[in-house]
Amino acid sequence: MKNQLTITEFVNQFGTREACLEHLCSLKWSEGYTCRKCGHDHYVKGRTWYYRKCQKCHYDESCTSNTLFHKIKFPLEKAFLMLHLISTHKKGISTCELARQFGVKQTTAWFFKRKVQEAMTRTGSHLLGGLVEVDETLVGGKEEGKPGRSLGKKQIVQVAVETYTDKKGKARCKRAYGQVVDRHDAEALRAGLMSMAAMGARICTDQWSAYEKATKGYLHVAKPSNAGANFQLLHWHIFNLKNWLRGTHGHIDSKHAQKYIDEFHFRFNRRNSHGNSVFITIKRMVEGSWLPYREAIGK
Ligand SMILES: [Zn+2]
């Protein structure tokens with residue numbers, strides 16, 4: 001597995017519209033062709049090389065249509081390069097910076113970023129296991145925004161970190177997730193926990209009483225927080241997450257908080273395979289469904 005694809009190598013590979021389209025075609029029809037409209041599996045060449053036309057109902061579809069690349073208002077090679085930056089840059093990239101670097105309007109950059117976040121959404125297929133430390137924190141709201149902006153209320157985010165001990169006996173963080181929860185009660189905390197950690201995981205929390213019920217069926221260890229000293233990895237992770245939200249984005253709309261939290265963890269959980277994360281993002285964008293603007297703004 002190649003660990004790091006440099007930006008130069010990436011541009012060499014995907015510097016033209018044709019190269020990007022070819023890549024999207026290979027992803028979209030990697031398992032053969034099926035017509036979206038009628039399910040028929042034979043096609044003829046469509047209006048141009050990156051289209052396929054159903055032999056039965058004549059529905060003509062391009063490699064971008066109905067995917068998250070659908071109707072992007074700037075060149076595809078630019079989109080690919082943006083994707084490289086968003087997925088591989090350690091801290092990601094804000095929409096202001098994207099707009100500035102690529103000479104697109106800020107709303108255009110924001111909308112594209114939202115599509116990328118769709119592709120980075122946690123799928124729930126790789127739940128945390130082993131020893132998992134869990135706690136909640138608050139994000140968003142006025143205190144974390146720029147002065148005079150964002151009056152959105154703070155949200156509770158439950159954070160789970162899978163830890164392990166390295167060869168030198170040092171505790172390390174393997175993977176992590178965050179989940180916005182409505183309340184601090186057992187029911188809400190349990191739902192959050194189950195979306196992040198597999199049954200069979202050993203869950204370590206502070207002594208908050210709700211966790212007794214919330215961890216039913218899991219192996220549960222409750223220990224005093226000791227002002228955070230007993231949960232150093234977890235609190236360091238939470239600190240980094242909050243810093244990133246504040247530093248990169250200034251303020252985030254609370255209704256999009258989960259998207260940002262997932263984006264953060266998408267990169268975090270792939271921090272040792274940066275070269276791959278851009279290809280995973282592109283693949284997921286092809287597998288994703290077109291996101292209309294009204295839906296993106298959460299109307
Ligand atoms: Zn058809």
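**Domains, contacts and buried residues**

Reply: The C-alpha centres of domain 1 and domain 2 lie 28 Å apart; the domain bounds come from an automatic or database domain assignment. This is a predicted model, in which local features need pLDDT of at least 70 and side-chain atom pairs count only at pLDDT 80 or more, while totals for chains, interfaces and linings use all residues. Residues are numbered from 1 along each chain as its sequence is written, and side-chain values use heavy atoms, with hydrogens and water left out.

Me: Which residues make up domain 1 and domain 2?

Reply: Domain 1 comprises 7-31 + 66-120 + 274-296, and domain 2 comprises 131-268. Their contact (heavy atoms within 4.5 Å) takes 20 residues from domain 1 and 10 residues from domain 2.

Me: What makes up the area buried between domain 1 and domain 2?

Reply: Buried area is the accessible area (1.4 Å probe) that two parts lose on being put together, summed over both. For domain 1 and domain 2 it is about 1,200 Å², 57% of it on carbon and sulfur atoms. On the side of domain 1, Lys91, Gln117 and Met120 lose the most area to domain 2, together 42% of what that side buries.

Me: Why is the pairing of Lys113 with Glu263 called a salt bridge?

Reply: A salt bridge requires a side-chain nitrogen of Lys or Arg within 4 Å of a carboxyl oxygen of Asp or Glu. The closest N and O atoms of Lys113 and Glu263 are 3.4 Å apart, so the pair qualifies. The count between domain 1 and domain 2 is 2 salt bridges.

Me: Why is Asp60 called buried?

Reply: Buried means under 20% relative accessible area, exposed over 50%, and partly exposed in between (1.4 Å probe, protein chains only). Asp60 has 18% relative accessibility and therefore counts as buried. The side chain of Asp60 also reaches the backbone nitrogen of Arg47 at 3.1 Å. Leaving aside neighbours within four places in sequence, Asp60 is in contact with Gly46, Arg47, Tyr51, Arg52 and Lys53.

Me: How do you know whether Val132 is buried or exposed?

Reply: The relative accessible area of Val132 is 0%, so Val132 is buried. Val132 is found in strand S4 (residues 131-139), a strand being a DSSP run (E, at least two residues), numbered from the N terminus. Not counting residues up to four places away in sequence, Val132 touches Ala160, Val161, Glu162, Ala201, Arg202, Ile203 and Cys204.

Key. Polar contact = N/O pair within 3.5 Å; in protein donor to acceptor, adjacent residues only side chain to side chain. Helix = DSSP H or I, 4+ residues; strand = E, 2+ residues; numbered from the N terminus.
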